Amino acid sequence: MFNLKTLQRNKTVKYGVPMLLLVVGGSFGLREFAQIRYDAQKIRKRLDPSLAAKVNEQKQSVILEEEYEKLKEINLDEWKNIRGPRPWEDSKEYQEQQHRNLSKTD
């Protein structure tokens with residue numbers, strides 16, 4: 001039969017079997033870690049029971065409809081695009097400049 005030295009010299013046993021075990025074992029390991037990740041996401045997405053009592057999903061759709069009705073009443077043709085300050089600009093100075101420019105155009 002085979003002795004231990006013959007098996008140690010065989011390249012398939014020396015390199016192939018560990019590689020196959022790594023790939024198959026890695027697949028099972030990744031599945032378990034991914035499952036933990038998805039379970040944690042489900043737990044985070046659940047609402048606290050005290051908050052769930054305050055939130056009424058049917059009322060939320062009514063609120064959206066009310067907001068849509070408000071938007072329908074607003075005249076969107078007469079709006080001005082005002083650029084906000086850049087991170088390197090002083091916001092107070094920029095706002096004052098914008099107010100001055102708006103008062104000149106009005």
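The protein contains five helices and zero strands, where helices (H or I, at least four residues) and strands (E, at least two) are DSSP runs numbered from the N terminus. Read along the sequence, this gives the pattern α-α-α-α-α. The model is a predicted one, in which local features need pLDDT of at least 70 and side-chain atom pairs count only at pLDDT 80 or more, while totals for chains, interfaces and linings use all residues. Residues are numbered from 1 along each chain as its sequence is written, and side-chain values use heavy atoms, with hydrogens and water left out.

Of the 106 residues, 2% are buried, a class defined by under 20% relative accessible area, with exposed meaning over 50% and partly exposed in between (1.4 Å probe, protein chains only). Gln98, in helix 5 (residues 91–105), counts as buried because its relative accessibility is 18%. Beyond its neighbours within four places in sequence, Gln98 is in contact (heavy atoms within 4.5 Å) with Ile82 and Arg83.

At the N-terminal end, Asn10 caps helix 2 through a side-chain oxygen 3.2 Å from the backbone nitrogen of Thr12. Val13 also lies in helix 2 and is partly exposed, at 35% relative accessible area. Leaving aside neighbours within four places in sequence, Val13 is in contact with Leu7 and Pro18. Leu22, likewise in helix 2 (residues 11–45), is exposed at 59%.

Three salt bridges are present in the structure, each a side-chain nitrogen of Lys or Arg within 4 Å of a carboxyl oxygen of Asp or Glu. Glu32 pairs with Arg31, their closest N and O atoms being 3.4 Å apart. In helix 4 (residues 57–73), Lys70 and Glu67 are three residues apart, about one turn of the helix, and their closest N and O atoms are separated by 3.5 Å. Lys72 and Glu69 share helix 4 and are also three residues apart; this bridge has a closest N to O distance of 3.9 Å. Lys72 is exposed, at 52%, whereas Glu69 is partly exposed, at 40%.

Definitions and conventions:
A polar contact is a pair of N or O atoms within 3.5 Å; within protein, one must be able to donate a hydrogen and the other to accept it, and residues adjacent in sequence count only if both atoms are side-chain atoms.
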